[in-house]
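The sequence and structure come before the description.

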Amino acid sequence: MVLGLGWGTASVLRLGSAAQRHAVWAATFAALPVLPFFALQCGPAIALDVPWIPVVWAVGFALCIVPLARGLMALERLRRAATPDPSQPGLLHSDAVPGPLTWGLFRPVILLPTEAASWTRSQRAAALAHERAHVRRRDWAVHLAVWIVSAVFWFHPLVWVARRALAREAEHAADDAVLADGIRPSDYASLLVSLAGGGPPRAAL
């Protein structure tokens, strides 16, 4: 029901901004963990007559969390191996990534590929504007929380569809923020074309 409400609201806002649709999906995922507790308060407890159901859930949850843990460790390895930019604190460079990334809760990191040194000034400005938009919006923290909620409700296929929709809207919202910062659309398009082989800028998991 909650997922359906979120989907319906996001559809109504299809002509609105990506930031609005992202907020709808974020609120939807924030509501999901509350539902079991609300259900217990409003109705009788449901006895599980099949003892293996909790075991199946725990296995599914673990299978979903393991990739997240591996991803976090990979990001830490990237951070340690990257080269700091002497002119901009928090900005790193690495030849291990095909495109810009950002992550971190309290001390966000922006990582650019080593080849960014050959980008034009406008392309570099566009890439940094995109990643800084993710930082301002706390997209990485949202994605992290959404992944955990998705792992809890791994058995519901619409949860994974909704997670992809949220990630897509986060990228669109960051794109909108780039253009709102005054970056010329042609310069931004040039950057995206140059990154086509490695994928668009994104908030890293």
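## Strand β4

Strand β4 (residues 109-113) is mostly covered, with five of its five residues buried. Buried means under 20% relative accessible area, exposed over 50% and partly exposed in between, with a 1.4 Å probe and protein chains only. Helices (H or I, at least four residues) and strands (E, at least two) are DSSP runs, numbered from the N terminus.

In a regular strand the side chains alternate between the two faces of the sheet. Both faces of β4 are covered: one side carries the buried Val-109, Leu-111 and Pro-113, the other the buried Ile-110 and Leu-112.

## Basis of the model

The model is predicted: local features need pLDDT of at least 70 and side-chain atom pairs count only at pLDDT 80 or more, while totals for chains, interfaces and linings use all residues. Residues are numbered from 1 along each chain as its sequence is written, and side-chain values use heavy atoms, leaving out hydrogens and water.

## Pairing of β4

Two strands pair if DSSP finds at least two bridges between them. Strand β2 (residues 91-94) runs parallel to β4 and is joined to it by four bridges; Leu-91 has Ile-110 as its bridge partner.

Strand β3 (residues 101-103) pairs with β4 in the antiparallel sense over three bridges, and Leu-101 is bridged to Leu-111. The hairpin of β3 and β4 has five residues between the strands, and Gly-104 takes a positive phi near 115° there.

## Two helix residues

Trp-140 lies in helix α6 (residues 139-152) and counts as buried because its relative accessibility is 10%. Its C-alpha is 9.0 Å from that of Pro-108, 32 residues away in sequence.

Thr-28, in helix α2 (residues 18-31), is buried at 6% relative accessibility. Not counting residues up to four places away in sequence, Thr-28 touches Val-2, Leu-3 and Gly-6, where contact means heavy atoms within 4.5 Å.
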